[in-house]
Structures are given as structure tokens and as C-alpha cells.
Amino acid sequence: HYNEVITLMDRTCYVAGMSWEHLYILAAEEALHINPPERAQWIRVVVDEFQRIASHIMWYAAFVQDIGLMSPFLYGMRDRDLVLDLFQSITGGRLTYEYMRAGGVRNDLPPGFIAHARKLLDWLMDRYREYDALCLGSAIFHERCDGLGVLHAEDCVDLGVTGPMLRAAGVPRDLRKDRPYSAYGQVDFDVALAKSADVTGRYLVRMEEL
């Protein structure tokens with residue numbers, strides 16, 4: 001059954017299970033000629049973007065540890081856990097959600113979700129400034145990121161590179177705008193870009209997306 005496959009999507013990438021669920025369910029709904037209700041479309045966008053936050057924070061924590069900065073790793077893992085608390089309030093799970101369904105989502109948002117989400121976002125906006133201070137104020141960060149791993153736009157296109165790496169090379173390619181799905185066509189946002197095409201540029205793009 002189409003809905004029984006969703007549990008496998010969470011396990012495709014444990015860092016961004018909700019995004020993989022959405023990818024699969026869009027294909028299933030196209031095959032079945034199903035149009036979900038508008039509220040379900042908006043809920044999907046909300047959980048997608050919180051999943052993006054959780055995924056990018058996981059990237060941040062692992063990335064900074066790999067370049068030799070230990071404290072930001074601990075801060076990132078702390079803050080990601082708060083996003084997982086939000087997912088647990090919606091789905092009952094922290095890594096594998098089994099939430100999206102062909103035709104909608106498994107359940108509506110729980111009471112108090114909006115207040116919880118707004119409080120979390122206020123907290124995170126202050127933390128992002130701390131992330132930047134810890135990284136952009138670090139000589140180690142700049143020595144190991146500035147001008148390194150340069151991949152220009154034409155190289156990205158030739159190699160099939162997408163996402164933040166492509167946008168860090170100055171290409172404003174974002175499927176949420178170029179081929180909008182769910183309720184993204186009704187959302188106003190800027191595509192995060194950098195032009196340096198190096199490791200620092202990729203960091204800046206992901207931070208702007210956060």
C-alpha cells in the first residue's frame with residue numbers, strides 16, 4: 001500500500017526524514033491523481049521548513065567539529081534537540097515520523113503548536129547570531145574555509161551539483177520557487193545566495209536558509 005512505504009522514507013535519511021516522506025508522497029499523489037486539502041499542504045510546508053532547520057543545524061554541528069571547533073558542535077546539538085521536541089509533539093517520533101499520507105497528513109497539528117513553534121523560532125534566531133560569532137570570528141574557521149573547495153557555477157552544472165553548494169556559487173536555483181509544490185507557491189521568501197563558491201560561501205548560504 002502506498003502509505004505503508006512511508007516508514008522506509010524516514011530511514012532513507014535519518015537527518016531529514018520528513019523531507020524524504022514529502023518527496024515520496026508527492027510522487028504517489030501524482031500517480032493516484034490525488035489533491036490534498038489546503039490545510040494539509042500548509043502543514044507539510046511548516047514541517048518541511050522545521051526539518052530544514054533541524055537538518056542544517058545537524059550539518060552545522062558536524063561541520064564545525066570537523067574543522068576543529070568543539071563548542072559550536074555542542075550548541076548545535078542542543079538546539080537541534082529542541083526542534084526534535086517540536087516534531088515529537090506532532091508525530092510522537094524524533095527521527096522517524098511516518099507522518100505524511102497520500103491525501104494529506106496523519107493528524108492535525110496539536111493544541112499549543114503555534115505558541116511552541118514561535119517560542120522556538122525566537123530562541124533560534126538568537127542562537128544563529130551566536131553561531132556566526134563563533135565561526136566568523138574564528139581564525140581557524142577562515143583558515144580552513146576561505147577560498148577552499150571552490151566549485152564555480154559552471155562546474156556545479158556540469159557535475160549535477162544542486163542545493164546550497166549550487167547557490168553558494170551564485171545560482172538562484174531553488175525548487176520551492178522554480179517548481180513550487182504544496183503551498184510554496186504562496187510563500188514569499190528570498191533564495192539564499194553567495195558568490196564565493198567556496199566552503200565559506202556554503203556556510204553562509206545554509207546560515208541564511210536557517
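Tutor: Contact means heavy atoms within 4.5 Å. This is a predicted model: local features need pLDDT of at least 70, side-chain atom pairs count only at pLDDT 80 or more, and totals for chains, interfaces and linings use all residues. Residues are numbered from 1 along each chain as its sequence is written, and side-chain values use heavy atoms, without hydrogens and water.

Student: Which residues does Asp 48 touch, not counting residues up to four places away in sequence?

Tutor: Met 18, Ser 19, His 22, Met 100, Tyr 181 and Tyr 184.

Student: Is Asp 48 buried or exposed?

Tutor: Buried means under 20% relative accessible area, exposed over 50%, partly exposed in between (1.4 Å probe, protein chains only). Asp 48 is buried, and has no salt bridge. A salt bridge needs a side-chain nitrogen of Lys or Arg within 4 Å of a carboxyl oxygen of Asp or Glu. For Asp 48, the nearest side chain of opposite charge is Arg 52, 6.2 Å away.

Student: How do I read the packing of α2 and α3?

Tutor: Two packed helices are described by the angle between their axes and the distance between the axes. Axes are lines fitted to C-alpha atoms over the stretch in contact; angles run from 0 to 180 degrees between N-to-C directions. Here α2 (residues 17-32) and α3 (residues 38-66) pack at about 145°, axes 8 Å apart. Asp 48 is one of the α3 residues that meet α2.

Note on methods:
Helices (H or I, at least four residues) and strands (E, at least two) are DSSP runs, numbered from the N terminus. Lys and Arg count as positive and Asp and Glu as negative; His and the chain ends are not counted.
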